[in-house]
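Colleague: I would like to go through the labels used for this model and hear what each one rests on.

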Amino acid sequence: MEHSKYDFGLVGLGVMGRNFILNVADNNFSAYGYDLSEAQVKALEVEAVDKENVKATTNVEEFIHALKTPRKIMLLVPAGKIVDHAIENILPLLDKGDIIIDGGNSFFTDTDRREAYLKEKGIHFFGSGVSGGAEGARKGPSIMPGGDKEAYAHVKPIFEAVSAKYKGEPCVAYLGPKSAGNYVKMVHNGIEYAMMQLTSEIYDLLKKSCDLTNKELHQVYETWNKGRLQSFLVEITAEIFTQKDELSDADLVDMIMDKAKQKGTGKWTSQNAMDLGIPVPTIDMAVSMREISALKDERVQADELYSRPEVAHIAKEELIAQAEQALYFSFIIAYSQGLHQLSFASKEYGYDLDMSTIAKIWRAGCIIRAGLLADIAEAYTADNSIPNLLLSPSFVPKVQDTLPAVREVVAFAAKNGIPVPGLSSALSYFDAYTSTKLPLNLIQAQRDHFGSHTYERTDRDGIFHTEWGKK
């Protein structure tokens with residue numbers, strides 16, 4: 001490839017970047033990488049030793065001049081100011097019509113700002129979420145591009161080749177204008193937070209109430225993964241319970257501190273949902289639980305101050321069966337909340353999202369991939385206009401059948417002092433969303449009483465105010 005131009009450029013040769021560029025090369029496209037770190041460049045050279053169509057450098061001029069025009073350059077660097085620095089580093093060397101792709105988890109308003117800025121300079125730009133972790137980047141991720149449609153057309157053959165496949169269909173599609181791709185990836189990550197929290201709560205419930213060993217827990221989750229709960233997160237959970245600790249005789253999961261960290265995308269989902277006025281309480285709770293988990297010292301202190309009920313033990317088979325239904329129900333709710341947010345944001349931000357397409361590209365490659373997404377894709381194919389999955393006729397029986405078990409599990413957990421905030425929020429959300437009558441009439445009365453905020457009536461149109469306390 002010394003005298004040929006390369007098809008694809010990639011800035012950022014960390015683990016994700018190296019795996020993605022090797023994936024591009026595996027699919028018969030030549031690729032050139034760039035990183036400021038000599039160590040990262042050498043790491044790629046070692047991994048690509050048997051590939052003639054991959055090269056990398058720390059020299060930005062060499063990198064830019066090695067690419068075919070219009071240049072197709074993907075950034076796989078951490079979100080934030082680093083993206084802007086990477087753009088400014090290569091911008092003086094680009095020609096009009098060249099393409100920059102942000103493949104990181106950038107906040108969607110940053111993507112809109114960068115697209116407008118680069119458009120003025122004649123450079124195409126679009127954001128493209130990539131999900132699947134390092135392994136997905138290497139073997140086939142789910143890719144969520146949005147923004148400049150003309151620019152995406154140049155990259156489409158490469159993205160379709162490197163993406164995960166679901167029954168032969170590539171898990172990538174152009175999603176919409178502006179920051180549609182980064183926005184969809186943000187909400188994907190919010191759903192991911194919720195599903196991880198829900199999975200961990202069910203684990204905690206089974207462990208504390210049935211004394212299940214890690215071997216038994218492995219068997220439970222492995223069995224579930226062969227049924228309607230088939231998903232990447234259930235699959236890896238089953239695998240986690242089999243991992244031995246290299247530093248002790250224990251299982252590794254039992255040696256890991258119960259303090260979960262976060263990079264911010266779940267929080268962004270919750271914050272933006274609040275801005276839009278769309279309820280996503282299970283995602284919110286997943287974010288909050290990571291924050292509570294960080295308060296380890298305070299939790300230990302509080303545990304010593306308060307008594308906790310002795311956990312009642314019930315038949316394993318009974319609770320495992322109920323837990324399966326509860327997890328299935330709560331997964332549906334997590335998807336419902338995230339997709340509801342996407343549906344509303346599509347109108348608010350002019351994305352014109354096709355919800356069935358989003359569900360389809362999530363069926364393989366990404367962290368929230370699950371068998372359930374095939375059903376979700378079918379529901380939105382039948383009616384792309386439904387604002388919430390719970391309104392799809394095909395999902396009514398799926399949810400309805402699980403409710404008795406869900407209520408039993410939540411009640412059992414509450415009675416025995418086992419925290420299941422994600423599952424509880426999912427059930428409360430469902431009960432509220434499916435209620436014709438909520439007690440918010442009293443809240444409106446309170447608001448009008450102390451602040452003259454007015455209210456609407458049930459028997460006539462108009463806005464009303466009452467001088468409360470006057471007979």
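Colleague: Which helix does glutamate 192 lie in?

Modeller: Glutamate 192 lies in helix H8. Helices (H or I, at least four residues) and strands (E, at least two) are DSSP runs, numbered from the N terminus. The model is predicted: local features need pLDDT of at least 70, side-chain atom pairs count only at pLDDT 80 or more, and totals for chains, interfaces and linings use all residues. Residues are numbered from 1 along each chain as its sequence is written, and side-chain values use heavy atoms, with hydrogens and water left out.

Colleague: Why does glutamate 192 count as buried?

Modeller: Buried means under 20% relative accessible area, exposed over 50%, and partly exposed in between (1.4 Å probe, protein chains only). Glutamate 192 has 15% relative accessibility, so it counts as buried.

Colleague: What does glutamate 192 touch, not counting residues up to four places away in sequence?

Modeller: With that exclusion, glutamate 192 touches Leu233, Ile367 and Ile368. Contact means heavy atoms within 4.5 Å. Leu233 is one of the buried residues of helix H10 (residues 232-240), and what covers the buried residues of H10 includes H8.

Colleague: Why does lysine 185 count as buried?

Modeller: Its relative accessibility is 5%, and therefore lysine 185 counts as buried. Lysine 185 is placed in helix H8 (residues 180-210). Leaving out residues up to four places away in sequence, lysine 185 touches Asn105, Gly129, Val130, Ser131 and Met144.

Colleague: Where does the "active site" label come from?

Modeller: From UniProt, where the annotation in an unreviewed entry covers Lys185 and Glu192. UniProt positions are given in the numbering used here, feature names are shortened, and annotations may be inferred rather than shown by experiment.

Colleague: What does the domain assignment give for the protein chain?

Modeller: Domain 1 (8-174), domain 2 (185-434) and domain 3 (439-470); such bounds come from an automatic or database domain assignment. The centres of domain 1 and domain 2, taken over C-alpha atoms, are 32 Å apart, and 21 residues of domain 1 are in contact with 19 residues of domain 2.

Colleague: Which residues does UniProt list for "domain: 6-phosphogluconate dehydrogenase C-terminal"?

Modeller: The unreviewed entry lists residues 181-469. That span is 64% helix and 0% strand, and its end C-alpha atoms lie 53 Å apart.
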